Amino acid sequence: MTLNSARYILRDTVYSVKRNPWLSIASVLTVMVSLVILGFSIFFLANAANMAESFESQLEIAAFVQDSATTSQVQALQTQIQGMSGVSSVAIVTKDEALADFGKSMGGAQNNLVTDLGGTNPFPDKLTVKVTDPQDVKTTADAISALPGIDKVRYGQDYVEKLLKFTQWLRWIGFGVVAAFAAASIVLISINVKMNVFSKRREIQIMKLVGASNGFIRWPFLIEGLVLGLLGGALAALIVGLGYNWIIIYIQSTLTFLPVVNNAVLFRQVTGGLLLAGMAMGALGSGVSLQKFLRT
């Protein structure tokens, strides 16, 4: 491409934007709205996955040791369970620690509590087990309950399966929201670009009649789509960035129990991705929509 051709293409691009300001604004707003929806959908997916992981990380197995077991036997059970496949950690909670924790929860002193309980400590030693994969909780609990010296095992049998199903559905809903809004964004941008190209069909036909190549005709539209897409992506990145930052501050100040993703790397990736996505959508949308007119 010669310098004169490059100047003509850039001049024609600027002229096209000035000649159709409302259509250009509509293109920018379409890209912006589509990417804002897509950006918030991505953050929704990230928080849905984070919430699911937070729920799953709280799953643990409580293995109660028989009263007759000695300290060395409890430690041997800890080592044995730690060696099981899929076990991430095993912590010993002695009967004295369990009594102290119970006393704190009741607001009383440990000595008075032992006296009230008839001079004996009714709590057994306990092994708190966490697994790498939450799906292995039941299998691991069954294996632990079969070990000699284990009295009983509890892992929230009544709600673990429901919780795992809920977290799975939470992830699928997040993916579904992103996919649905991504499809909607593509449709909106495609319609807008086709309208833009259709408004310039006579200009394209005239350029073809005077012998302009398809590449020469295509470049001004591609650059125009790139610029308008960049503007739409920049506005979307600004809105999503400021909006999500406000959401984080609001949740952390009012709903402190709710886990929210506050990852600077993810934040930069999403906002930077919106800029690139805007440019790609504008350029690709213009290129694809031009094919129909360049073939005729």
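Helices here are DSSP runs of H or I with at least four residues, strands are DSSP runs of E with at least two, and both are numbered from the N terminus. With that in hand, the chain reads α-α-β-α-β-α-α-β-α-β-α-α-α-α along the sequence, which comes to 10 helices and 4 strands. Keep in mind that this is a predicted model: local features need pLDDT of at least 70, side-chain atom pairs count only at pLDDT 80 or more, and totals for chains, interfaces and linings use all residues. Residues are numbered from 1 along each chain as its sequence is written, and side-chain values use heavy atoms, with hydrogens and water left out.

**The chain overall**

- The chain has 296 residues, and 37% of them count as buried (buried is under 20% relative accessible area, exposed is over 50%, and partly exposed is in between, with a 1.4 Å probe and protein chains only).
- Take the contacts (heavy atoms within 4.5 Å) with a separation of 6 or more: 83% of them link residues 24 or more positions apart.
- The accessible surface is about 17200 Å², with 64% of it belonging to carbon and sulfur atoms (areas come from the Shrake-Rupley method with a 1.4 Å probe, and for residues only the protein chains shown count as cover).

**The largest pocket**

- A pocket, on a 1 Å grid over the protein atoms alone, is an open set of points where a 1.4 Å probe fits, with protein on both sides within 12 Å along at least five of seven lines; lining residues have an atom within 4 Å of a point.
- The largest pocket holds about 240 Å³ of space (grid points are joined across faces, edges and corners, and the volume is the space filled by probe spheres set on the points).
- It has 13 lining residues, and Phe43, Phe44, Asn47, Ala48 and Ile251 are the closest to its centre.
- Two or more lining residues come from each of α2 (21-57) and α9 (214-254), and α2 gives the most, with 6.
- Sorted by class, the lining is 12 nonpolar, 1 polar and no charged residues (Ala, Val, Leu, Ile, Met, Phe, Trp, Tyr, Cys and Pro count as nonpolar, Asp, Glu, Lys and Arg as charged, and the others, Gly among them, as polar).

- Phe43 belongs to helix α2 and counts as buried because its relative accessibility is 2%.
- Beyond its neighbours within four places in sequence, Phe43 is in contact with Val240, Tyr244, Leu266, Phe267 and Val270.
- From C-alpha to C-alpha, Phe43 and Leu266 are 8.9 Å apart, although 223 residues separate them in sequence.
- Thr271 sits in helix α10 (residues 264-295), and its 15% relative accessibility is why Thr271 counts as buried.
- With neighbours within four places in sequence left aside, Thr271 is in contact with Ala237 and Gly241.

- In strand β1 (residues 61-65), 5 of its 5 residues are buried.
- In a regular strand, side chains alternate between the two faces of the sheet.
- Here both faces are covered, with Ile61, Ala63 and Val65 buried on one side and Ala62 and Phe64 buried on the other.
- β1 runs antiparallel to β3 (residues 126-131), joined by 4 bridges (strands pair if DSSP finds at least two bridges between them), and Ala63 stands opposite Leu127 in β3.
- β1 also runs antiparallel to β4 (residues 150-154), again through 4 bridges, and Ala62 stands opposite Arg154 in β4.

- Gln66 is in the loop between β1 and α3 (71-82), and counts as partly exposed because its relative accessibility is 37%.
- Setting aside neighbours within four places in sequence, Gln66 is in contact with Gly149, Ile150 and Asp151.
- The C-alpha atoms of Gln66 and Gly149 are separated by 5.6 Å, though the two are 83 residues apart along the chain.
- Thr140 lies in helix α6 (residues 137-145) and is buried, with a relative accessible area of 6%.
- Not counting residues up to four places away in sequence, Thr140 touches Ile61, Val87 and Val131.
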